[in-house]
Amino acid sequence: MPDSALLSRATLIIDQVSAENPADYVLRGVLGADKDLHPSEKRDISRAVFIYYRWFNWLDKAASTQSRVASALDLQRKFDADPSWFKPETLAARAVPEWVHSEIELTPDYLRHLQSDAALWVRVQKEFAAALPRSLGNLAPSPSPLIPESRRDTTLRYSGQTDLFRTPEFQQGVFEIQDLASQLVGYAAAPKPGETWWDTCAGEGGKTLHLSELMENKGLIWASDRNNGRLATLRKRAARAQVFNYRAVTWNGGPFLPTKTKFDGILIDAPCSGVGTWQRNPHARWTTTPNDVKELAEIQLQLLNHAAPALKPGGRLVYAVCTLTKSETTKVANAFSTAHPDLIPDPVFNGDPTTPSGPSQLHLWPHELNANGMFIAAWKRK
Ligand SMILES: C[S@@+](CC[C@H](N)C(=O)[O-])C[C@H]1O[C@@H](n2cnc3c(N)ncnc32)[C@H](O)[C@@H]1O
């Protein structure tokens, strides 16, 4: 696509974006409906829109949207050629909103990572782990030591150009597109075949499907969410992946639980401010507010408090959020620990023999993983 066409397509999309109509939502709507564009053109347009929001605070507010997009693309080229050209102080001042400074340790590596393109991760079902790299190509395993040895070949970074959603392998449920940090939540939960788990905020089922694979489709997962539309997508995804050991139910996060079952494990993949996804989704940097962080932290603590009584003695509770703010993450985990002396902090990765006594709260930093940022905490009931 010529540069001028790319600029005008990106401009048309940006002009429709607002706090109520986020960039990723507008992109999905506009590009999804366009049957004439080639997938590579759609990718270039998405990238240009995201680059615009990545460099938003560098751009001349008085200029036209189109010339601002062009400036953002120039800044990205300059950054990609030599990231050190941008001083960490400048990145700290412009790449994120001011309120973040008191919520996150903004290291130079973290800030530089925020300004680069996001990696794409897939999770292949174990039985197809050898075949998928041969059929798709451009797949490389993650070097993260947090992935159990036996699963190293199932977490793969894709660097090709094909639209993965259209591949027969995706449509047959051979693999899921799932960020590395999200996959690590499944490994932290470490459910065993035959156990009974509750995925309290299952959404569209990204983690439910992973838990099921780790349980070899044996045992039962209660997958709940307050959003029935998301649960409907979960059911479709489960059918595609041939996941059968789950029950999808509505739960609004309140004190009335969807079942009297006592669980071997509970995963609370809670709603959060999503700051850990700001590399992938830079528009959210400019729409997320300190008030969102405060309200979401309260909801997270409430979800933990309401779900915890359903844990069996000896059961494992895992709290995960794809954010890195102190108000969510550590403050919530510490407040919950204080209120529940019957729950003992447990190593996040206790399934890994190399870290049997590791930390019970862990930040997964995006620049270390080359993935989303995530916080995970774990407890065990006495
Ligand atoms: C981080 S997302 C879950 C993502 C999902 N676990 C996955 O891996 O695909 C958080 C989910 O919590 C749900 N949610 C938000 N508030 C809730 C509440 N008060 N009670 C229950 N679920 C809630 C949202 O609908 C959303 O699907």
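Predicted model: local features only at pLDDT ≥ 70, side-chain atom pairs only at ≥ 80, totals over all residues.
Figure 1. The buried residues of helix 3 are I45, A48, V49, F50, I51, Y52, Y53 and R54. Helix 3 itself runs over residues 39–54.

Figure 2. D24 belongs to helix 2, which comprises residues 23–33. V49 is one of the buried residues of helix 3. D24, by contrast, is partly exposed, because 17 C-beta neighbours lie inside 10 Å, whereas a buried residue requires 20 or more.

**Figure 3. N138, a residue with positive phi.** N138 is found in the loop that joins helix 7 (131–136) to strand 2 (139–141). Its phi is near 55°, a positive value in a residue that is not glycine. N138 has 13 other C-beta atoms within 10 Å and is therefore classed as partly exposed.

**Figure 4. Q242, a residue with positive phi.** Q242 occupies the loop between helix 11 (228–240) and strand 7 (246–250). Although Q242 is not a glycine, its phi is positive, at about 60°. Because 13 C-beta neighbours lie inside 10 Å, Q242 counts as partly exposed; the exposed class would require 12 or fewer.

**Figure 5. Residues around the ligand.** The ligand is surrounded by 18 residues. The closest of them are C201, G203, G206, G253 and P271. By class, this shell consists of 7 polar, 6 charged and 5 nonpolar residues.

**Figure 6. Division of the chain into domains.** Three domains are assigned: domain 1 covers residues 3–114, domain 2 covers 120–177 and domain 3 covers 180–381. A distance of 28 Å separates the C-alpha centres of domain 1 and domain 2.

Definitions and conventions. Residues numbered from 1 in each chain as written. Helix = DSSP H or I, 4+ residues; strand = E, 2+ residues; numbered from the N terminus. Near = placed C-beta within 6 Å. Nonpolar A, V, L, I, M, F, W, Y, C, P; charged D, E, K, R; others polar. Domains from an automatic or database assignment. Expected span 1.5 Å × (residues − 1).
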